[in-house]
Amino acid sequence: MAACKNIVIFGATGMTGLATLAQALQAGKRRGAPRCLGTDRGCTGGAEPEGGTRCRFQSCLRHSLPLGVSAGDPLSPPRTSGYQVTVLVRDPARLPPEHRPARVVVGDVLNPPDVDKAIQGQDAVIVILGTRNDLSPTTMMSEGTRNIVAAMKAHGIRKVVVCLSAFLMWDLKKVPPRLLPVTEDHIRMHQILQESGLDCVSVMPPHIADDQPLTGDYTVTVNTSGGARVISKHDLGHFFLKCLTTSEYDGQSVYLSRNYAKV
Ligand SMILES: NC(=O)c1ccc[n+]([C@@H]2O[C@H](COP(=O)([O-])OP(=O)(O)OC[C@H]3O[C@@H](n4cnc5c(N)ncnc54)[C@H](OP(=O)(O)O)[C@@H]3O)[C@@H](O)[C@H]2O)c1
C-alpha cells in the first residue's frame, strides 16, 4: 500500500487519542534517541534518578517498563519516515504542550466544514471518538463518522482506522445495559464504514486500560475475540499506527488483547 505520511486523528484529546497522538509524533522523531512515552504521568523524559526503576529509555529514569524489552522494536512506533499529524479538536488546551501536532483544526466532528478542513490533504484517518463518562444515548460518533466518510470520499482518501468496541463481536444480550446506548452508536458507525467501500480497519478493543504500559507485543485476532479482556491505551495506539503501514487488516474487524503484569 502507498505510504501514509499525512494523517488526521479525530478524538486526539481522549484517553486513547492522547496515547496515539504521542506515538504518531514520536514516529516522526525516531531518528533521535528513543524517549519515554509516559508523559501523561508527568514524565519529562529527562528526570534525575529518584531511586525509581530505570526505564528502557535511558533518558527517562522514572518509568519502569517490562524486563527483557530491548531497545528499538517492538516498543518503537511502527516503522515509518514520520507523520505530519493533523488533529480536529474542540478545545486545543486539552493537547499537552509536549504533544503539539503540525496542524490543529479547532472544530466539531458534527460540523461538516470543520471535518472537511481537517481531512483535506491527508493520506489516512484515525477515528477515536468517544463520549468519556457520558453513557446516555448518542448519535455523535455515528454522525461524526458519516461526516468523515463524506469528506474522505470528496477528497479521494481511502484509508481509515476506527476504534469501536469488542461488544460488536459479542452477543449483544450480554452487553451490560448501561453500556448499550454507546454500543448502539458503535454499531451505527460500523455500518456506515462497512457501506462506505473505504479501506477500513475496524478495531474492536476490550477494556482499554489507562494504567498499563506500551509493550508493542499483544495478540491480534481477526473477526473473532479471544484471550485476555484488556488492552492498554498505548498498545491500542500502537496498533492504529501499525494499520497505516499495512493493508493486512483492511476490511476486517480486529480484536486486540494482552495479559499485562498486575500494577
Ligand atoms: N474505555 C474502555 O474501556 C473502552 C473499551 C472499548 C471501547 N471503547 C471505545 O473506544 C473509544 C475511545 O475511548 P476513549 O475512552 O479513549 O475516548 P474518550 O476519552 O471518551 O475521548 C473521546 C474523544 O472524542 C472527542 N469528541 C467527543 N465529541 C466530539 C465532537 N463532537 N467533536 C470532536 N471531537 C469529539 C473528545 O474530545 P473532547 O476532548 O473535546 O471531549 C475526545 O477527544 C470510544 O468510542 C469508547 O466507547 C472504550
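What is the mean pLDDT of the chain, and what share of its residues reach 70 or more? In this predicted model, local features need pLDDT of at least 70 and side-chain atom pairs count only at pLDDT 80 or more, while totals for chains, interfaces and linings use all residues. Residues are numbered from 1 along each chain as its sequence is written. The mean pLDDT, the predictor's confidence in each residue on a scale from 0 to 100, is 86 for the chain, and 79% of the residues reach 70 or more. Over residues 31-35 the pLDDT falls below 50, and this stretch has nine contacts in the model beyond near neighbours in sequence, a contact being two residues whose C-beta atoms, placed from the backbone, lie within 7 Å. The pLDDT is also below 50 over residues 39-72, a stretch with 47 contacts beyond near neighbours in sequence. Where pLDDT is low, the predicted coordinates should not be read in detail.

Around the ligand there are 24 residues, of which Gly 11, Thr 13, Gly 14, Thr 16 and Gly 130 come nearest; a residue is near if its C-beta atom, placed from the backbone, lies within 6 Å. Helix α1 (15-27) and strand β7 (207-209) each supply at least two residues of this shell, with α1 giving the most, three residues. Helices (H or I, at least four residues) and strands (E, at least two) are DSSP runs, numbered from the N terminus.

Helix α3, residues 140-155, has 16 residues and reaches 22 Å from its first C-alpha to its last, close to the 22 Å expected at 1.5 Å a residue, the expected span being 1.5 Å times one less than the number of residues. Just after α3, Gly 156 takes a positive phi of about 70°.
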